[in-house]
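I opened this model to look up its core and one of its strands. My notes follow.

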Amino acid sequence: MSAPEIRCEQGQRQVFCGLSGIVWLHRKIQDAFFLVVGSRTCAHLLQSAAGVMIFAEPRFATAILQERDLAGLADCNQELDRVAAEVLERRPDIKTLFLVGSCPSEVIKLDLGKAAERLSEVYRGRVRVLDYSASGLETAFTQGEDACLQALLPELPTRPAGERSLLIVGTLPDVVEDQFKRLFAELGIGPVEFLPPRHATDYPSVGSGTLMLLAQPFVGETARALQQRGATLLTAPYPFGIEGTRAWLKAATDAWGIAAEQLERVTAPAIARAQTGLARQRDILAGKRISFLPDSQLEIPMARFLQRECGMELVEVATPFLDRQLMEAELPLLPPDLHLTEGQDLDLQLDRLRAARPDLTVCGLGLANPLEAEGLRTKWSIELVFTPVHGFDQAADLAELFARPLVRGALLKV
Ligand code: SF4
């Protein structure tokens with residue numbers, strides 16, 4: 001099958017920075033704490049991105065850099081040590097402390113790598129202190145996860161040569177992780193490990209026998225670093241919808257030499273449930289026109305699912321960065337004449353959107369309200385990383401995320 005032509009665009013962009021990743025990463029790694037070294041703006045961003053989580057006890061905070069710090073008049077390291085001590089005193093359950101760099105900490109060239117080494121010495125045997133950068137207006141918000149996972153890699157033990165294992169890379173909600181664990185066990189695939197792990201004590205091991213499946217399409221740098229440690233990347237579409245999940249599992253069963261009939265037998269009940277659930281959403285979505293503005297890096301697999309399994313018409317699919325290696329199995333599944341854009345020139349893209357007036361636009365939080373005010377229905381792309389959407393059992397929920405604004409729009413019209 002031929003893949004669509006990729007049109008590259010550059011210009012003004014409208015994206016969140018990588019700090020947003022903390023919101024789902026802190027839920028996943030249950031004994032980690034994320035200490036952002038940033039300004040009040042960073043603290044506000046994190047609070048508003050995390051606003052959906054008011055019931056959770058947060059394991060993130062911001063060490064605020066004041067104007068005095070930014071002018072280089074204060075020793076930020078002393079202040080950082082004080083805040084870290086306070087956090088660890090209050091939370092003895094924390095086993096990994098991430099120092100998260102931001103634009104302000106980079107502007108004043110605060111060396112968080114050194115700070116992490118220093119604090120690791122202080123808390124040796126009790127807490128591992130790691131660092132990564134989530135700064136930048138030029139990054140997609142999901143790149144924060146890629147940077148965080150890379151910071152974890154030196155912690156992963158080496159697997160003895162030749163010992164085969166399956167490593168799933170990219171954050172999955174625990175409920176979805178458990179579903180996949182059960183499916184892999186029934187298929188006869190194992191051992192299966194997950195990165196990021198739920199606890200700092202569960203680090204997966206990596207070696208030449210490690211086969212990798214990616215759960216998220218935005219962990220490319222982590223995948224390439226794992227390849228350098230000997231792991232092999234299994235090429236597959238992402239496990240969204242029935243088609244994507246089946247193909248993703250098939251990549252693993254093929255690598256394990258498991259017969260196709262076994263895959264069909266094990267997955268049949270879950271596929272039947274998913275088909276029933278999807279049929280209801282398909283009635284709402286089929287024939288509706290959708291555009292994706294570049295934001296989450298999930299745009300391509302989502303568009304594939306919505307077009308092939310829900311009958312939607314793709315007006316334009318734009319993604320902030322298109323990682324050819326990670327999209328190898330996805331691109332041929334898109335319509336060959338699709339308007340596929342990499343990057344963003346915001347004004348031009350909005351002009352095209354206003355001319356096409358699709359039924360639904362998937363975009364970042366910052367653009368959703370102004371577009372709604374123009375009478376365009378929108379879906380926040382950040383919801384796709386906050387909500388369990390992977391696998392057979394979530395296929396209908398995933399479709400419903402896109403159906404909901406259409407149903408609401410129809411009700412408002414009535
Ligand atoms: Fe902080 Fe920079 Fe993100 Fe703004 S873009 S919230 S300054 S890290």
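I started with valine 100. Beyond its neighbours within four places in sequence, valine 100 is in contact with Leu19, Ile22, Phe34, Leu35, Val36, Val37, Tyr132 and Ala134. Contact here means C-beta atoms, placed from the backbone, within 7 Å.

This is a predicted model: local features need pLDDT of at least 70, side-chain atom pairs count only at pLDDT 80 or more, and totals for chains, interfaces and linings use all residues. Residues are numbered from 1 along each chain as its sequence is written.

I then checked the largest nonpolar core. It has 117 residues, and Leu35 and Val100 touch the most other members. Such a core is a set of buried Ala, Val, Leu, Ile, Met, Phe, Trp, Tyr and Cys residues joined through C-beta atoms within 7 Å. Buried means 20 or more other C-beta atoms within 10 Å of the residue's own, with C-beta atoms placed from the backbone.

**Strand β2**

Next I looked at β2, residues 32–38; seven of its seven residues are buried. Strands are DSSP runs of E, at least two residues, numbered from the N terminus. Ala32, Phe34, Val36 and Gly38 lie on one side of β2, and Phe33, Leu35 and Val37 on the other.

I looked up its partners. β2 runs parallel to β4 (residues 96–101), joined by six bridges. Pairing requires at least two DSSP bridges between strands. Phenylalanine 34 stands opposite phenylalanine 98 in β4. Five bridges pair β2 with β3 (residues 60–64), also in the parallel sense. Leucine 35 has alanine 61 of β3 as its bridge partner.

Notes. Buried ≥ 20, exposed ≤ 12 C-beta atoms within 10 Å, placed from the backbone. Contact = placed C-beta atoms within 7 Å. Helix = DSSP H or I, 4+ residues; strand = E, 2+ residues; numbered from the N terminus.
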